[in-house]
Amino acid sequence: MINKVAIIGSGAMGTGIGQVAAANGCEVIFFDAIPETLVHSRQSLSFTMQSLIVKNKISEADAADIITRSKWTNTLADIADADLVVEAIIEDIQIKRSMLREVAALVSENCIVTSNTSSLSVTSLASVLKYPNKFAGLHFFNPAPVMKLVEVIPALQTDSDVTSTLTQLMAQWSKVPVTARDTPGFIVNRVARPYYGEALRIFDEGLAGCTAIDEAMKEIGGFRMGPFELMDFIGHDVNYRVTESVYNAMYQDPRYKPSLTQRSLMEAGWLGRKSGKGFYEYPELKEVLPGRKEQLNKMQIFERIFAMLVNEAADAVYLNVCSEEDVDKAMKLGTNYPRGLMEWGKEYGMDKVAATMKSLYEKYLEDRYRPSAYLTSI
Ligand SMILES: NC(=O)c1ccc[n+]([C@@H]2O[C@H](COP(=O)([O-])OP(=O)(O)OC[C@H]3O[C@@H](n4cnc5c(N)ncnc54)[C@H](O)[C@@H]3O)[C@@H](O)[C@H]2O)c1
């Protein structure tokens, strides 16, 4: 039974994950190295409760219970009796490893220790722990109380009952758990890469401008935001680094190659919405890098990006990163895609996706466009 949850790192994600645990009846202890962060985390949870009360989403009594079940500490030893630890500190492998080593030395052998890492190897984190078999990745999305998806990532060393306990617990917490093999980007951050990468490639080749590409994906695909709007929204610093990290972790597989244009935006400090300028200038939404010839029409743009997305999803399934069902749940709930890529691909025609991949491969003679064996074997 998981009754007591310890959150290590009470920033944006830690506070949100702790809120979910407390709302589901767990005692939650929030730890952080910085005392001001603990104050901020406590204030932020109170503020969230107040706004949920105002919106009639929670009763005053339930909100008070959530607060009563939550404690904040800067003494790590206070987490010793936790049944579950969720680490959500800075995304740095050395800092995470040393923190997790300290945590593992304090908690009992039965405690499940997890990390909310979005990009690091879970197996590598597990390797420094006293009980690596009790460790797994537990990847929530931002904001954790709102986003339904949680990727459960067993390390090579993880006991199977730990994976099933976490999966059941996430379902009890009204989340939708999916299981991902411990590979770069897990499911969402891997399968979503072509949405940005292929849009950037089309842009970099001068085949279409940002507005046309954004419109193609919204109007034909029904995506809520076009790739350029979305990259501007996420921030080019964050988006570029995720791409670069997946690319390097995949031994520079050209399918994940970052764009030099995006790197330039990052270097210029044109980070997107948060800096007022990225691919677009805000609030006018004026294109910053215009002057491209429109060589592809919207259907051609959509079909090329869509084929790359479905190919990526199919390859993740083919390589046992996840099941077909889980990749579809993951992309709908982790990135708000209008449909699951596998079900969408099947309805559209996997043979058409395979034909688009083949023609791109023949045109460019680049490994980037190799069709997945999933597509060539049907
Ligand atoms: N922000 C997102 O969109 C998002 C989504 C999914 C996963 N994640 C992952 O969640 C983790 C946390 O991200 P965040 O956005 O909440 O970051 P954040 O900066 O808001 O919070 C990190 C917290 O960790 C604390 N911290 C740092 N080093 C520490 C240490 N050695 N000991 C104790 N506390 C320490 C910091 O004081 C800070 O409060 C990262 O691994 C990140 O990759 C983030």
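**Pairing, burial and the ligand shell**

Visitor: What makes β4 and strand β5 (residues 112-115) a pair?
Guide: β4 and β5 are joined in the parallel sense over 4 bridges, and since two strands pair if DSSP finds at least two bridges between them, β4 and β5 count as a pair. Strands here are DSSP runs of E with at least two residues, helices are runs of H or I with at least four, and both are numbered from the N terminus. This is a predicted model, in which local features need pLDDT of at least 70 and side-chain atom pairs count only at pLDDT 80 or more, whereas totals for chains, interfaces and linings use all residues. Residues are numbered from 1 along each chain as its sequence is written.

Visitor: Why is the β-α-β unit of β4, α4 and β5 called right-handed?
Guide: With the strands pointing away from the viewer, the path from the first strand over the helix to the second must run clockwise; β4, α4 and β5 make a unit of this right-handed kind.

Visitor: Which residues of β4 point one way, and are they buried or exposed?
Guide: From strand β4 (residues 84-87), Leu84 and Val86 point one way and Val85 and Glu87 the other, and all are buried, that is, each has 20 or more other C-beta atoms (placed from the backbone) within 10 Å of its own. In β5, Ile112 and Thr114 share one direction, Val113 and Ser115 take the other, and all are buried. In a regular strand the side chains alternate between the two faces of the sheet. Across the 378 residues of the protein, 47% count as buried.

Visitor: How do you know that the radius of gyration agrees with a compact globule?
Guide: The rule is 2.2 Å times the number of residues to the power 0.38, with the radius taken over C-alpha atoms; for 378 residues a compact globule would come near 21 Å, and the protein has 22 Å, so the value agrees.

Visitor: Which residues come nearest to the ligand?
Guide: Of the 22 residues around the ligand (C-beta atom, placed from the backbone, within 6 Å), Gly9, Gly11, Met13, Ala33 and Asn142 come nearest. The elements giving two or more residues to this shell are α1 (12-23) and α4 (93-106), and α1 gives the most, with 3 residues.

Terms used: Buried ≥ 20, exposed ≤ 12 C-beta atoms within 10 Å, placed from the backbone.
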